[in-house]
Amino acid sequence: MLGTLRRIGPARLFVHFAVLLIVILWLLPTLGIFVTALRDKDQIVVSGWWTAFSGSSQTAAVRLAGPDKAVQDGPNYVIAGTVAGEGNSGNGKIESFGMRVQEPAAYKVGSSADLGNGETLTVNADGSYRYQKNAPFEADARSKRIYLTIATPPQFTLDNYRNVLTGEGIGQSFINSLTVTIPATVIPILIAAFAAYALAWMEFPGRAVLIALVVGLIVVPLQMSLIPLLRIYNEIGQMFGVSSKTYPGIWMAHTAFGLPLAIYLLRNYIAGLPKEIIESARVDGASDFDIFVKIILPLSFPALASFAIFQFLWVWNDLLIAMVFLGTDKDRLVLTAALNALLGSRGGNWEILTASAFVTILIPLLVFFGLQRYLVRGLLSGSVKGG
């Protein structure tokens, strides 16, 4: 083992350790969200997700039967029965009991607790109890309250996901996000692919200026253009008598914001393709469109996939542009906006929030792991020198 570590070298060992640390830091919160979303809501409140497989302890407040249920047993008076109350759902085991909320585990089950004034109380694990006094109970006295420590086994349920997808509007928001994200990913890829080919292999005046302009647009903060662009949308909507906050409007907004990076990445990749392939196709009489469709697109799939990951994740996780260009109408609310609303209205309902969060990250995870093998190839291909 030590010999293997020496052969790896300190630099490479540090890289491996850093990658492992990053994976752990990413995996632990995700696992916590996943486990919490499957837990019973009562157990979420009383214990952390890392204790989900070992059960939890809950405190329940219950009242014994009243003095009218007392029966005389020799010189003593006894109230007997079975405890039942809030928090005692019947699926847990009573471990201890107490007379104060600060000390719910003061006495073990099965033991007799001396309450003073000739009173004793015994609570058993099955919930049965015997409350005894050496004198009659006061007729107008209120029934005694006690506190139980109940050990509950691990409980997992899919009800949280059912509530989220049906009762909290997340299901509709999920469809809305797909409606926004898929076209807003495909449209800029199509446009950028044509533009990248033209900037890489077609000679025309001003090509260098256009390339410099694309690079410059990458560093422009999108927040600077939100208000002017929204004003243009509103003026166009008023001109044609239609609403400015529509799905085509947000598709065009995401397309405009994503095009500079898409053109830059794809242009670098396409420019690095072998020049001989393009020249041979032109000698054979192929037009630029034929070369683009039959040669460039199949060879450029890694670059297209790498940008698709970036664009999909960016649009899926976007909140600002969706709120500005789509509004807060419940019928068109995207997932991020719906989650933001849940944080305000259901901030204490962790079972709802975690289930919603996991539904939100599920699709991006599938997209990333489905296309991640092309990600590095697509990003690094721009380092190859080309036209």
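Which residue in β8 does Leu 121 stand opposite? In this predicted model, the residue opposite Leu 121 is Tyr 131 in β8. The pair belongs to the contact between strand β7 and strand β8 (residues 128–133), which run antiparallel and are joined by five bridges. The two strands form a hairpin with four residues between them. In the turn of this hairpin, Gly 127 has a positive phi of about 100 degrees.

Strand β7 also pairs with strand β6 (residues 112–116), again in the antiparallel sense, over four bridges. Here Ser 112 stands opposite Thr 122 in β7. Two residues lie between the strands in the hairpin of β6 and β7. Asn 117, which is placed in the loop between these two strands, has a positive phi of about 55 degrees although it is not a glycine. The relative accessible area of Asn 117 is 70%, so this residue is exposed. Strand β7 itself, which covers residues 119–123, has four of its five residues buried and is therefore largely enclosed by the rest of the structure.

A further set of strands forms an open sheet. Its four strands have the order β1-β9-β4-β5, with antiparallel pairing. β1 (56–63) and β5 (107–108) stand at the edges; each has a single partner strand, so one side of each is left without a neighbour in the sheet. For β5, the pairing with strand β4 (residues 93–98) is antiparallel and consists of two bridges. Within this pairing, Lys 108 in β5 is the bridge partner of Ser 96. In general, strands of a sheet pair through backbone hydrogen bonds, either parallel or antiparallel.

Helix α2 (residues 10–38) has 29 residues and reaches 42 Å from its first C-alpha to its last, close to the 42 Å expected at 1.5 Å a residue. The buried residues of α2 include Thr 30, Gly 32 and Val 35, and Thr 36, Ala 37 and Leu 38 are buried as well. For helix α7 (223–240), the 18 residues should span 26 Å at 1.5 Å a residue, and this agrees with the end C-alpha atoms, which are 26 Å apart.

The buried residues of α7 are Leu 226, Leu 230, Tyr 233 and Gly 237. An α-helix has 3.6 residues a turn, so residues three or four places apart point the same way. The buried residues of α7 pack against α8 and α12 (320–325). Just after α7, Gly 241 takes a positive phi of about 70 degrees.

Helices α7 and α8 also take part in the lining of the largest pocket. This pocket holds about 380 Å³ of space. It is lined by 16 residues, of which Leu 217, Ile 218, Phe 257, Gly 258 and Pro 260 are the closest to its centre. Two or more lining residues come from each of α6 (207–218), α7, α8 (247–271) and α11 (301–316). The largest share, five residues, is supplied by α8. By class, the lining of the largest pocket consists of 13 nonpolar and three polar residues, with no charged residue.

The largest cavity has a volume of about 50 Å³. Its lining includes Ser 177, Val 180 and Thr 181, together with Ile 250 and His 254. Also in the lining are Val 315, Trp 316, Asp 318, Ala 322, Val 334, Leu 335 and Thr 336. At least two lining residues are supplied by each of α5 (170–201), α8, α11 and α13 (335–345), and α5 gives the largest share, three residues. The lining of the largest cavity divides into seven nonpolar, four polar and one charged residues.

Between α10 (288–299) and α11, the loop contains Ser 300. The relative accessibility of Ser 300 is 2%, and buried means under 20%, so Ser 300 counts as buried. Apart from residues up to four places away in sequence, Ser 300 touches Tyr 269, Ile 270 and Leu 273.

Notes: Residues numbered from 1 in each chain as written. Predicted model: local features only at pLDDT ≥ 70, side-chain atom pairs only at ≥ 80, totals over all residues. Heavy atoms only, no water. 1 Å grid on protein atoms, 1.4 Å probe; cavity = no way out; pocket = protein on both sides within 12 Å on 5 of 7 lines; lining within 4 Å. Points joined across faces, edges and corners; volume = space filled by probe spheres on them. Nonpolar A, V, L, I, M, F, W, Y, C, P; charged D, E, K, R; others polar. Buried < 20%, exposed > 50% of the residue type's maximum accessible area, 1.4 Å probe, protein only. Pairing = 2+ DSSP bridges. Expected span 1.5 Å × (residues − 1). Contact = heavy atoms within 4.5 Å.
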